[in-house]
Amino acid sequence: MKRVAWLPSLLLLIVTLHTCLSDVESNSTAEALALLNWKASLTNRSVLPSWTVSPGNAQASPCGWFGIHCKGDSVSRINLTSYGVKGTFHAFPFSSLPDLEELDLSINGLFGTIPPQINQLSNLTYLDLSYNQLSGRIPPQIGQLIHLKTLHLVQNLLNGSIPEEIGQLESLEELASQNNYLNGSIPSSLGNLANLTYLYMLNNSLYGNIPSEIGNLNSLQELYIDNNQLAGSIPSTFGKLKHLRLLHLSTNSLSGSIPSEFGHMESLNELALFKNNLSGFIPPSLGNLTDLTILQLYENKLFGPIPEELGNLKLLVFLEVSQNQLNGSIPSSFANLSNLETLFLRDNQLFGPIPQEIGNLMKMWMLELDGNQFTGQLPQNICRGGTLEYFIANDNHFRGPIPKDLKNCSSLKRVRLERND
């Protein structure tokens with residue numbers, strides 16, 4: 001009996017909507033009907049209770065529905081982020097929303113593929129489908145959304161290669177596709193994106209060389225392509241990225257030397273090149289990067305001395321060059337690194353005494369020197385700043401007594417000095 005009573009109401013709603021469409025020809029009504037069709041395809045339709053129309057409503061409008069914003073009588077923005085929407089994209093009314101500018105469906109339960117019909121959202125400037133379970137390839141038709149400024153596809157199940165067609169999005173400012181299963185090479189066409197400010201492709205399975213055209217991205221401020229399978233050398237064209245602040249290329253299979261042109265990126269705050277196969281000398285030109293706060297070069301095959309010029313990096317907080325083949329002594333210029341908190345030099349072939357000036361680094365809380373060939377006595381004022389918590393200096397050739405300053409260092413949590421002379 002309940003089904004029989006419910007059926008006339010549903011038929012009346014559909015008839016009312018179609019009457020509105022034919023008699024009033026309202027854009028709002030057409031968009032409302034199209035959105036309701038998508039809602040009906042979801043696996044949890046009850047999640048959008050405000051998405052409904054009254055049978056007696058002559059002109060149905062979605063403009064008062066949750067997550068819907070309009071300009072005039074047309075839907076211009078849909079924001080359902082973190083709202084528990086579950087279902088596919090296939091019944092989404094791409095062709096019925098000609099004025100849609102922003103679509104945010106992030107942090108939901110969407111699954112299935114991204115339909116090629118997404119190119120029908122021709123006025124879209126913002127698209128965020130992050131944190132869903134979308135799978136399959138990124139459709140090349142997405143390159144037809146020529147007004148797009150933001151494209152976020154983070155943490156889905158997307159695979160296949162990044163379409164060359166994304167290089168047609170000349171208005172694009174943010175491209176984030178990290179934490180997927182994307183493979184293939186990075187398209188050289190990305191070099192066309194002159195307005196791109198943020199590029200995140202980390203934690204995928206991208207391989208091949210980094211295209212030199214990346215150096216054409218004059219507006220780029222942050223580049224994360226770490227934790228992939230990229231190989232070959234780092235393009236020297238990176239030196240043209242004058243506005244770059246964060247550069248993360250770690251955990252790949254990059255080889256060759258660190259380009260001396262890196263010294264031209266004078267806005268750089270963070271440089272992470274660890275866990276690659278980089279070789280050669282640490283370029284002295286890195287000393288030009290006076291805004292640098294983090295420098296991570298560990299687990300490579302770098303050799304030669306640590307450049308004195310690194311002492312120019314007075315804002316440096318974190319420096320790690322462990323697990324390379326570096327030799328020579330610790331530069332005396334390190335005494336200038338007054339903001340340094342963490343210094344890792346372990347597992348190299350460094351030798352000579354530790355400069356007494358290391359004790360002038362008042363903010364130092366972690367110092368690892370183990371696995372080298374250091375000689376002489378430990379610095380007398382190693383805990384002068386009162387912040388040192390971890391001091392690891394085992395497996396060297398230090399001699400003499402443990403400094404009184406170190407014995408009385410109340411901040412210390414761990415010390416290792418075994419296997420010294």
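Predicted model: local features only at pLDDT ≥ 70, side-chain atom pairs only at ≥ 80, totals over all residues.
Residues are numbered from 1 along each chain as its sequence is written, and side-chain values use heavy atoms, leaving out hydrogens and water. Local features need pLDDT of at least 70 and side-chain atom pairs count only at pLDDT 80 or more, while totals for chains, interfaces and linings use all residues.

User: Is Thr197 buried or exposed?
Analyst: Thr197 sits in the loop between strand E11 (181-184) and strand E12 (198-200). Strands are DSSP runs of at least two residues, numbered from the N terminus. Buried means under 20% relative accessible area, exposed over 50%, partly exposed in between (1.4 Å probe, protein chains only). Thr197 has 14% relative accessibility, so the class is buried.

User: Which residues does Thr197 touch, not counting residues up to four places away in sequence?
Analyst: Contact means heavy atoms within 4.5 Å. With residues up to four places away in sequence set aside, Thr197 touches Glu173, Ser219, Leu220, Gln221 and Glu222.

User: Which residue meets Glu222 in a salt bridge?
Analyst: A salt bridge puts a side-chain nitrogen of Lys or Arg within 4 Å of a carboxyl oxygen of Asp or Glu. Glu222 is buried at 11% relative accessible area. The N to O distance in its pair is 2.8 Å, and the partner is Arg245.

User: How many residues apart in sequence are the parts tied together by Glu222 and Arg245?
Analyst: The side chains of Glu222 and Arg245 meet in a salt bridge. Glu222 lies in strand E14 (residues 222-224) and Arg245 in the loop between strand E15 (229-232) and strand E16 (246-248), so the separation is 23 residues.

User: How many nonpolar residues line the largest cavity?
Analyst: A cavity is a set of points on a 1 Å grid over the protein atoms alone where a 1.4 Å probe fits but cannot get out; lining residues have an atom within 4 Å of a point. The largest holds about 30 Å³, and its lining includes Leu361, Met362 and Cys383. Ala, Val, Leu, Ile, Met, Phe, Trp, Tyr, Cys and Pro count as nonpolar, Asp, Glu, Lys and Arg as charged, and the others, Gly among them, as polar. The lining has three polar and one charged residues, and the nonpolar count is six.

Notes:
Helix = DSSP H or I, 4+ residues; strand = E, 2+ residues; numbered from the N terminus. 1 Å grid on protein atoms, 1.4 Å probe; cavity = no way out; pocket = protein on both sides within 12 Å on 5 of 7 lines; lining within 4 Å. Points joined across faces, edges and corners; volume = space filled by probe spheres on them.
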